[in-house]
Amino acid sequence: MMKWLKGNWFYLLVLIVALLAPLIITNRYYSQVITMSLLFAIAALSLNLILGYTGQLTLAHGGFFALGAYSVAIMTYTLGWNFWLALPLGASFAAFIGFLVGMPTLRARGSYFAIATLCLGEIIYLIAGNWIEVTGGHNGIVGIPPPSPIPIPGLGTLSFESQASQYYMVLFFLLLTLFVMYRIRESMRGRTFMAVLCNEDLAESVGINTFRTKLLSFVVANFFAGLAGGIYASLLGSISPSVATVGLTFNFLMYVLLGGVGTLAGPIIGAFFLPILLEYMQFLQDYQMILFGVLLIIVIIYFSTGFMGLYKKITEKIKKSKVGAQSAAKR
Amino acid sequence: MELFLQQVFNGVMLGSTYAIVALGLTLVFGILHVPNFAHGHMYMLGAYVCFFLITIFGFAYWPAVALAAILLAVAGVVLEVLVFKPLRNDPGFNPLIAALGALIILENAVVVLWGPEGHRIPNPYPGIIDVFGITMSVQRLLVIGMAAVMIILLQLFIKKTTLGSTIEAVAQNKEGATLVGINVNFVSAMTFAISTALAAVAACLVAPIFMISPSMGALVGMKAFVIVILGGLGSIPGAIAGGMILGLIEALGGGYFSAAYKDVFGFGALVLILAIRPTGLFGKEIKGR
């Protein structure tokens with residue numbers, strides 16, 4: 001137990017801070033920003049599964065986020081279903097569409113796959129904007145109910161009206177996503193994902209069905225993207241086709257890359273700190289996005305492993321110098 | 001029948017502009033292997049430069065087109081040197097993501113400088129010709145004619161001049177090209193210059209027909225990628241054929257089925273083609289990039 005604590009005290013600290021955060025942050029605006037950051041972290045983590053662990057760049061992630069958002073909005077607002085039924089159905093719908101389009105597109109590799117998914121995202125956006133009877137067209141859907149309260153026998157009901165309760169709900173789903181991603185990474189199946197990432201041909205030659213591996217990773221990633229989208233629609237109360245633009249996909253991509261691709265902490269760090277960084281760059285107004293683009297290019301050229309890569313490099317250097325000092329002392 | 005011919009004419013006009021834009025992209029993507037996602041935004045920038053040359057500096061149409069092409073060629077070289085050159089030997093998706101950074105900068109810079117609203121370049125040739133019941137505006141005929149001229153010029157440059165053949169040499173074998181004394185850096189910069197200049201010409205040609213706006217580049221850039229893949233990476237005839245196919249799919253799909261969904265047909269066609277042929281219609285090699 002002590003040993004476990006020693007290795008993981010930092011994560012435990014982060015968890016405690018995360019659990020206490022609503023008590024510390026009472027400002028409505030900031031707590032909204034933080035809740036959204038956690039929500040985007042779910043999407044970033046799922047993008048990391050397909051990009052960071054399986055090596056396939058999908059540019060339809062925002063599209064699948066929107067699929068989840070729209071299906072939950074339609075099920076809860078238009079059809080009046082319970083949110084807790086709509087959410088898993090919405091996420092499953094995104095996963096199912098991911099399966100359908102992954103079947104043909106995952107046969108293409110590298111940039112080809114990236115461009116096929118880019119087109120797919122655009123198709124989702126166009127449908128969201130033009131299928132007026134179902135999606136409400138460019139006005140979107142307004143008045144989506146918040147998550148339905150859960151009755152707990154003997155204790156009353158768990159409602160999600162207050163900001164703190166919404167925060168805890170999103171935190172719960174983020175932890176769930178993180179847990180699933182962690183289990184995948186540590187599993188044999190996860191190892192096959194990474195085998196595809198390292199060398200697809202080699203993976204195929206040692207008997208891994210690379211196509212099925214990629215498809216599975218894509219479907220799971222899209223399930224969580226849809227999940228994040230569904231929660232987003234319900235918490236915000238309104239959605240429009242703007243959730244399906246490539247802009248959102250690019251945001252997710254940046255969270256993953258700046259945080260550190262191929263790590264579990266990286267996408268969360270990216271999703272959490274990038275919006276805060278942008279918030280601080282608010283004073284630049286219109287120049288904010290220009291600077292953002294410059295930042296992205298600099299990071300890709302000089303620190304392509306993101307924050308986590310940088311962190312690893314520094315800790316390794318410290319370790320090395322420590323080991324060096326010890327061996328020098330022995331001599 | 002007249003509706004059909006009218007749509008075919010519109011499709012060929014659209015296809016001609018797509019073909020020029022895609023030609024530029026097939027050079028950098030197919031030959032230098034740089035997935036330049038900012039290509040559509042260079043097209044947008046070309047339209048803006050042309051617009052300002054005409055409205056503010058009082059240029060006539062053709063000098064404005066020529067100057068816009070030259071200025072965009074310079075912009076292309078700057079893009080190559082600053083963004084893509086440091087990543088030339090980088091595996092994976094980093095050049096692609098750097099391109100995303102570049103397009104964010106370009107789009108927002110244009111919004112900041114000139115506002116998000118649309119503009120229209122005054123039409124230099126407002127005349128209309130009526131042939132067998134099909135209305136053809138002179139400007140649209142001009143687009144088709146200019147596209148043909150640009151394609152022939154590019155083909156002559158690459159096949160008949162020494163400078164042009166260095167591009168093919170680098171495409172075939174970078175090390176080999178270096179060994180025989182070809183400066184790869186120079187060829188890369190030149191290819192980018194040609195690529196963005198072509199995009200600028202295409203933008204200047206259609207700007208009097210459609211509106212120009214900061215967001216016009218994204219869709220065109222995406223379509224250019226669709227075409228390049230349809231036609232096979234680095235293939236010039238493929239880019240022309242792909243451009244025409246996409247233009248016709250859009251015009252006929254938009255005319256007969258639904259104008260709102262016309263882009264869905266084009267993108268859907270790409271997804272389908274990739275499903276059947278993962279390396280594109282005319283593509284041969286599989287590259288793990």
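Reply: Of the 331 residues in chain A, 47% are buried. Keep in mind that this is a predicted model. Chain A is built from 14 helices and four strands. Its radius of gyration comes out at 21 Å, close to the 20 Å that the globule rule gives for 331 residues, so chain A is as compact as a globular protein of that length. Laid along its principal axes, the C-alpha trace of chain A spans about 80 × 50 × 50 Å. If you take the contacts in chain A with a separation of 6 or more, 75% of them are between residues 24 or more positions apart.

Helix α5 covers residues 110-130 of chain A, and at 1.5 Å a residue its 21 residues should span 30 Å; the end C-alpha atoms sit 31 Å apart, which agrees. α5(A) is mostly covered, with 18 of its 21 residues buried. Helix α7 of chain A takes in residues 163-186, and the same kind of check works there: 24 residues should span 34 Å, and the end C-alpha atoms are 34 Å apart. The buried residues of α7(A) are A:Gln166, A:Tyr167, A:Met169, A:Val170, A:Leu171, A:Phe173, A:Leu174, A:Thr177 and A:Met181.

Now for the partner. Chain B has eleven helices and two strands, and from the N terminus on they run α-α-α-α-β-β-α-α-α-α-α-α-α. A compact globule of 289 residues would have a radius of gyration near 19 Å, and chain B has 19 Å, which agrees. The C-alpha atoms of chain B fill a box of roughly 60 × 50 × 35 Å along the principal axes. Buried residues make up 52% of chain B. Among its contacts between residues at least 6 apart in sequence, 75% join residues at least 24 apart.

Where do the two chains meet? On the chain B side, 38 residues are in contact with 35 residues of chain A. The elements of chain B that give two or more residues to that side are α4 (94-114), α9 (216-231) and α11 (262-276). α4(B) provides the largest share, 13 residues. By class, the side of chain B that touches chain A has 29 nonpolar, six polar and three charged residues.

Then there's the packing inside. The largest nonpolar core has 204 residues, and those with the most contacts inside it are B:Ala47, B:Cys50, B:Leu72, B:Val201 and B:Ala203. Helix α8 of chain B (residues 184-206) gives the most to this core, with 16 residues. In soluble globular proteins, nonpolar side chains tend to be buried together. Leaving aside residues up to four places away in sequence, B:Val201 touches B:Ile20, B:Val65, B:Ala69 and B:Met150.

Most residues other than glycine have a negative phi. B:His33 lies in the loop between α1 (2-31) and α2 (39-55) of chain B, and it counts as partly exposed because it has 16 C-beta neighbours inside 10 Å.

As for confidence, the mean pLDDT of chain B is 84, and 96% of its residues reach 70 or more. For the complex, the predictor gives an ipTM of 0.80 and a pTM of 0.83.

Key: Residues numbered from 1 in each chain as written. Chains lettered and ligands numbered in written order. Contact = placed C-beta atoms within 7 Å. Nonpolar A, V, L, I, M, F, W, Y, C, P; charged D, E, K, R; others polar. Expected span 1.5 Å × (residues − 1). Buried ≥ 20, exposed ≤ 12 C-beta atoms within 10 Å, placed from the backbone. Core = buried A, V, L, I, M, F, W, Y, C linked by C-beta atoms within 7 Å. Rg over C-alpha atoms; globule rule 2.2 N^0.38 Å. pLDDT = per-residue confidence, 0-100.
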